Amino acid sequence: MKKALDFVVEKIVFICGIASIIFVALIFFFLFKEGLSFLKDFGVLKFIGGRFWYPSSSPTLFGVLPLIVGSVFVTIGACVIAVPIGVMTALFISEIVPKGIRDILKSLVELIAAIPSVVVGFIGMITLVPLVKGIFNLPTGLTVFSSSIMLAFMAIPTIVTISEDAIRSVPWQYKQGALALGATKWQTLRRIILKAAMPGIIAAVMLGIGRVIGETMVVMMITGNSAHIPHSIFEPARTMTATIAAEMGETVRGGMHYKSLFAIGLVLFLITFFINFIADLFLGKNKNT
Amino acid sequence: MIKLNPKLSQKFSYMFLCLAAFLATTPVILIVFIIIKNGTSVISWEFLLSMPKDGMRGGGILPAILGTLSIVSCAIMITLPVGVCAAIYLNEYAKDDIFTRIIKLAIINLAGIPSVVYGLFGLGIFVMFLKLGVSIIAGALTLSIMELPVIITTARSSLDSVPYSFREASLSLGVSRWQTIRHVVLPNAIPGILTGTILSIARISGETAPILFTAAAFYVPHLPHSIFDQVMTLPYHLYIISTQIPNMPKNIIYGTALVLLMMVLTMSCIAIFARIYFRKRRKW
């Protein structure tokens, strides 16, 4: 009886264990199925290389390039802000402040991650957007720049927590050795600890990028949603995620436009898959040192 | 290049680091402050417990609150058992081989898929293929898959933190493997699993993109009756009233944002404090 129970339980937990593989495969399959039938009809090159996204004009054009450029612009903008701030904060939290303050700062960083993205978008709309419009004297504050700032804010918790883990897992002997040789704390931090933790920090940045590229509500609310290739960061743009979210509601289920959004989803899936894969490689490297 | 005195350069650098930490953490305080300051005046029992009126421009947000609660509770009921079982498998049963490595890679990738892609997937499989329609259950299933990697990871690390000697002691008394897990490992891992679950609930309460095409409705004139109903949800409602409705009174938007934010932050704070509390009490 006991043996039988053990056997049944083992099978059940095994099935749950492989659930993740099944779901990843299913997600890929559904995106691929709908996306592929679109790509067959419309043409892969016209989709990837097309400079115009006019899903409801006639003839319809489904060029995903402006959306990819939009996503890339916003992501680069967010990284330029979030990476230095995030890594420096991680250094500050893990190596400089006393334990009491460290716990407070860490909890605050965790709270950032808890704020719903739609709330971040709303706050951006009412505070940052008018500010950007006024300061830079623009026709609209809904720009790549504004959403980069808000997205940087959302990427910071990911970057800080993972970098911090990496920094703290640097063997203490490294630090002691450097300090014993007469290096100041900062020299040790910058030349020894930061270098030793680098693979983990790179992983943190990759995961931060993944977070930003996949963010939907904030970019939909404050990037301006114009599907043109932006010429500067002070112009509106539109990302892949926002296009899916904004247009799915008005499509005919099973139609060309509907399927084109799945094709965008497939592109996003592949990009994030790649990013996570790289991040995982770097995280694995970090553990070996 | 000018060579700075190392002591001086350390001082400068620390100032920069401090500034960075300040920049990283003040916005969250500011956001909470702005929303509390502008939203508190609308909060009343009537706002929380009545239907929206005048095309959302008046009345309350009851259907949105109930919608969010029902989707989130359904989602957690689905994802928690599966996630904990998966964690048990990975931590207690799985061998360290290529197959386990693939499972781990799948979990990592599941965690990285953008939320709107989950929305697409949910639309494709639950709404269209399984013909559940735009409904609470379709949204809950979508969210539960999205939250699965988070639950697995937190459950697994709390199982992992139970010392190996506990298992050895139990197994050496002739107790079977499952009984050991059930009566020795799991009870000691419960606090960690619980805090992880609360954090997950907080996270999915605020998600908008995955339920955009699977569960959320612009406006439903009645409260949800069954799991096959479309519902209004708090985050989607906030999105709609802040972008889609002209001449929307600002204070109602702030009020809605405040309710959502408080729901999420309260749960997160409970989880954070619970974790600190349990960590201090742990005897090993």
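A residue is buried if 20 or more other C-beta atoms lie within 10 Å of its own, exposed if 12 or fewer do, and partly exposed in between, with C-beta atoms placed from the backbone. I wrote that down before opening the model.

**Ground rules.** This is a predicted model, where local features need pLDDT of at least 70, side-chain atom pairs count only at pLDDT 80 or more, and totals for chains, interfaces and linings use all residues. Residues are numbered from 1 along each chain as its sequence is written, and chains are lettered from A and ligands numbered from 1 in the order in which they are written.

**Entry: helix 5 of chain B.** I noted that helices are DSSP runs of H or I with at least four residues, numbered from the N terminus. Helix 5 of chain B covers residues 115-129, which is 15 residues. I looked up its reach, 20 Å from first C-alpha to last. That is close to the expected 21 Å, taken as 1.5 Å times one less than the number of residues. The helix bends by about 30° at B:G122. The bend is the angle between axes fitted to the seven residues ending there and the seven starting there. I found 13 of the 15 residues of helix 5 buried. After the helix comes B:K131, with a positive phi near 55°.

**Entry: A:V83.** I located A:V83 in helix 3 of chain A, residues 65-96. Is A:V83 buried or exposed? A:V83 is buried, because 20 other C-beta atoms lie within 10 Å. Contact here means C-beta atoms, placed from the backbone, within 7 Å. Leaving out residues up to four places away in sequence, A:V83 touches A:I159 and A:V205. I also checked A:G208: it sits 125 residues from A:V83 in sequence, yet 8.4 Å away in space, C-alpha to C-alpha.

**Entry: two asparagines.** I found A:N137 in the loop between helix 5 (117-136) and helix 6 (144-168) of chain A. A:N137 is not a glycine, but its phi is positive, about 55°. It counts as exposed because it has 7 C-beta neighbours inside 10 Å. I found A:N225 in the loop between helix 10 (217-222) and helix 11 (240-247) of chain A. A:N225 is no glycine either, and its phi is positive at about 50°. With 18 C-beta neighbours inside 10 Å, A:N225 counts as partly exposed.

**Entry: where the chains meet.** I read off 71 residues from chain B and 73 residues from chain A in the contact. On the chain B side, helix 1 gives the most, with 18 residues.

Note on methods
Two residues are in contact if their C-beta atoms, placed from the backbone, lie within 7 Å.
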